[in-house]
Amino acid sequence: MKRRDFLLHGSTGLAALGGLPVVSRILRLPLIAAPWVLVPMDDLQSDHLKAYGVAFRVLERGGRGEWFLNYRGGSFLLPSDLTVTRDAALAGVRCEPLDEGALLQIRAEIAQGNMDAIPLEKVPKVAVYAPPNAQPWDDAVTMVLQYAGISFDKVWDTEVLAKGLTKYDWLHLHHEDFTGQYSKFFLNYAGAPWLADMVDRNTRVSKSFGYPSVPAEKRAVAQTIAAFVEKGGFLFAMCTATETLDLALASQNVDIAANYADGTPMDPEATSKMDWSRTLAFQNARLELSPTVPEFSDIDGHQVNTADRRQQLGAFTLFNFSAKIDPVATMLVQNHRDVIPDFYGLTTSFTRRTLKPAVTVLADEAGAPWVKYIHGEHGQGTWTFYGGHDPEDPQHQIGDPPTDLSLHPHSPGYRLILNNVLFPAAKKRELKT
Amino acid sequence: MNRLARGTGRGVLIAVAFAGFATVVRAQQDPLNRAFDLERRGSYAAAAELYRTVLASRPAEASALLGLERSLVPLNKLPEIIPQAQKAIAADPKSTSAYGVAVRAWAAADLPDSVRKVVERWAAVEPYDEAPYREWGAAALSHRDRTSARRAYLLARERMNRPDVLAAELAQLAALDQDYPTAAHEWIMAVRQLPGYRGVAVSSLAQTPERLRPDILKQIDRDSTTDARRLEVDLRTRWGDPLGAYKLLAGSLSPSPAVAIDALQQFYEEVRGLTSKDGLEARGMVLEALAGRLAVAQRPKLQLDAARAYADAGDRNAAHRMLTAVAGDSRNAPDIVSGAAATLIGLLVDEGNVAEASKKMEEFRTSLPVDDFQRVRRSLALGWVRQGQMDRALQLLASDSTVDGTALAGRILLYRGDIANAKKALQAAGPFAGSREEATARASLLAILQPIEEDSLPALGKAFYSLDQGDTTAASAALVDVAAKLAPDGGGAELRLLAGQLLAAQGKTEDAERLFRAAIVPKSPATAAAATLELGRLLLTLGRRDDATHTLEQLILDYPQSAIVPQARRLLDQSRGAVPQT
């Protein structure tokens, strides 16, 4: 069914519902007269984050919608059925009824400006890569998916290595260290129960799969993830996962792990032996050779855990793309704010020097030697990397209280994550570039 | 001013302007000044070139050498300074700044042997100076090499044959290695050498794990110096023993009044933010001690503060002692006397000694300003209320037309069951008197009373009085009884909701659920929404998640305009794990 047909069917289908007023009375909702609702994503929206959940659940129920790129902050057009309005009311999401005339006007406006209407038609099967004992509150993506009410599966090394990722469309990685060095906390947090648990869990899994060490096992996981992207998967990574995934991929033939992780010291010539042709985003990075310095390489521009290298937080600016020519990049930067305060993570940002030439920069800090948010293709799939740990907790420390997203329903930093979740739902079409 | 004078004046101005211009030009022509200027503007490469030019003609020019170092650091090219540093040393073999730059440059080039050679040469020039070894240690630390840093510091100690050389540096190293006994040993020496180190020493040693703290304190205790005592006092305070710290301080105070006052004041700064019982008691003690040592004019204020601290710590005897001393001293300023009297009366009321408090109020009546007097009188009225003497309380408030007084009178009228007058008084008081919590409580109370048509309900008054006395069991039972006699939209629903809340807090969940459901009546939509929220909350605590979800969803859909919808959404989010439990 073409989009136009779908829209037509949608409206006639609703109009044919004779029992509508009765149902409406039962639910005590206002009578639904308009065939559409617009979910505005500008400053009038009462809960930006949950609005994504409302749109996602429409797709989950087999419905369709449209994403109006650059129109009122990246609004959604959804069918105005009782389930949608009830869902929006429960979530506290603002919806505006839209009749055919108003919709036509909006379409005319979209046609004339740097805007586009992208059909949303397939609900992506979402997986979040996290250890089984991970607290939901320590991962920005898990937090925002739960807050928005977007369903997902949790996977970890056992699932990735045993079953692969074939049944998923979208995979998220957060602060996993794919170099197998436990985020290089091993020496500084020696004795901490959570670290002991992490070491024990990783060691058991690597042994069960017959790998000689945790770094070797993590590298195999990284390769499986890269293969998932190559075959058409969508990968979204934040924090350390961005940097260490590429380091693991590039270290196919070189030991980049410290003695405590695999029993042998890191190769002092490791930097020159990295194979960057295997990576997604980065190249020519210089590795951190000291096992006691909790940094991996000079990919990260902020080096937050090293006092003499740490850079101050600034603000990053989202790029403005042509919606009709470059819809993918445009989707990923939909927001009601262009400039967003930066936030630390073990990997906060990506130095421009280490980016591969084909990487699309989605957001950067003007004048700084680093960028914040990048995107690219790998085989048939795509990846997006977003530096930092928690957009609403700029200085996140181990043991900090969890972020309560009900206090940040308009978070522009979290919106970027949700753009990535919805992006695989968009109907693929021939791109002009 | 005539033309000549004007002309001369202009001439002077022009001369001054030219002189200034010439100075600016000369400054701009001086390469060192131009280099400073470029460096300030962030043009480090250009600044470095100019500094090099200066050093080519004046190799021992320390300002240029240090400027070059500052410019090369942000360019990440510090090792490039090595030739200039070598020439500077050759030109002036006693230049400490040149040696310092050379050490840092070789360290940046990661050439430890060269660092060592420069340090040895420097140390030969200045055999009793710690600086070469300090720089050597810093160079090693820049490569995170603590072992070499420690070796450098200990070598200095050995060569200078003094046990306290670079003690602060060694203390910090030991603390980094979590070797707290060594750190304590070194810090004691460092503080003895330079008392200004005490703050850093305390911050460093404060990190000592709890199990090691007694040993560290014993270790410091073995040192009999005043500096060691002060260090121990600060550590005890940081480690949660402010009373022990104060006793130690009091026993080791210097006979010199100025030194003793300084020590007490510093201790006061340490304890002033503490809110624990011991912290408050220690604050009272140090303020009392200060009051005894400072000039007479400062004494009453300190005694008053001490009394408040003692009262907050629950040490009523000490608080009484202080307050009686202040209030009874006729030499004190009237505001101090009235402050002390008001606090003393408040203390007596809190103790239940209302008759004694009344006497005190009469005694100090003339010295209390009107506002303070009314405040004291209200606290006395509350004291009588607590003893069940409503008439006496109302009598006291008869002439109090303030908003706070009216609000309190409203509550007392309610306790007597005089609903009509209680409503009037609470309404007249409005939502602005007292603290925000008090105003909210008053508004909630008024919301409960407003639908009630009866003018007098003594049983309801007793119920509220029981509630304010903390007897929730009696209060909830009485509320249920009264509610049964009222129409649901005539106050019955509101009273059931309140009774349900009290029963839920007591764990009587079945009764609470029944009352919440009974309070959901369409004729009282605001109460129905609030009762639905309470029902949802109760069901969640009972683990009946599905029922709770249904209830909360119904609330959001049925009462979309209700002010409590955001709370319902939050509960819903919590029930499905979308936000953390708080």
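Which residue of β14(A) is the bridge partner of A:Thr360? In this predicted model, the partner is A:His375. Local features are reported only at pLDDT of at least 70 and side-chain atom pairs only at pLDDT 80 or more, while totals for chains, interfaces and linings use all residues. Residues are numbered from 1 along each chain as its sequence is written, and chains are lettered from A and ligands numbered from 1 in the order in which they are written.

The strands around A:Thr360 were examined next. Helices (H or I, at least four residues) and strands (E, at least two) are DSSP runs, numbered from the N terminus. Two strands pair if DSSP finds at least two bridges between them. Strand β13 (residues 360–364) of chain A is joined to β14 (residues 370–378) of chain A by four bridges. These two strands run antiparallel. They form a hairpin with five residues between the strands. Within this hairpin, A:Gly367 takes a positive phi near 85°. β13(A) also pairs with β10 (residues 315–318) of chain A, in the antiparallel sense, over two bridges. Here A:Leu318 has A:Ala363 of β13(A) as its bridge partner.

Chain A also holds an open sheet of five strands, with antiparallel pairing. The strand order is β4-β1-β3-β2-β5. β4 (96–98) and β5 (116–120) of chain A stand at the edges, each with a single partner strand, so one side of each lacks a neighbour in the sheet. The twist averages 30° from one strand to the next. Axes are lines fitted to C-alpha atoms, for helices over the stretch in contact, and angles run from 0 to 180 degrees between N-to-C directions. Strand β2 (residues 65–69) of chain A and β5(A) pair in the antiparallel sense over five bridges. One of the residues involved is A:Trp67, whose bridge partner in β5(A) is A:Ile118. Helix α3 (residues 48–60) of chain A lies across β1 (36–39), β2, β3 (75–79) and β5 of chain A. This helix runs at about 40° to β3(A).

The cut-offs are 20 or more other C-beta atoms within 10 Å for buried and 12 or fewer for exposed, with partly exposed in between; C-beta atoms are placed from the backbone. A:Trp156 and A:Pro131 are 25 residues apart in sequence, yet their C-alpha atoms are 5.6 Å apart. Two residues are in contact if their C-beta atoms, placed from the backbone, lie within 7 Å. Neighbours within four places in sequence aside, A:Trp156 is in contact with A:Tyr129, A:Ala130, A:Pro131 and A:Pro132.

Chain B has 33 helices and zero strands. Of its 582 residues, 42% count as buried. Among contacts in chain B between residues at least 6 apart in sequence, 48% join residues at least 24 apart.

The axes of α4 (residues 62–72) and α6 (residues 96–108) of chain B come within 10 Å and cross at roughly 20°. α4(B) and α6(B) are therefore roughly parallel; angles under 35 degrees count as roughly parallel, over 145 as roughly antiparallel, 65 to 115 as roughly perpendicular and the rest as oblique. The contact is made by B:Ala62, B:Leu65, B:Leu66 and B:Glu69 of α4(B) and B:Ser97, B:Ala98 and B:Val101 of α6(B). Buried residues of α4(B) include B:Ala64, B:Leu65 and B:Leu68. The buried residues of α4(B) pack against α2 (31–40), α3 (44–57), α5 (82–91) and α6 of chain B.

In the second pair, the axes of α14 (residues 226–238) and α15 (residues 242–251) of chain B come within 7 Å and cross at roughly 165°. That makes α14(B) roughly antiparallel to α15(B). Residues making the contact include B:Arg229 and B:Glu232 of α14(B) and B:Leu248 and B:Leu249 of α15(B).

At the interface, 18 residues of chain A are in contact with 14 residues of chain B. On the chain A side, α4 (82–91) and α6 (140–148) are the elements that give two or more residues. The largest share, three residues, comes from α4(A).
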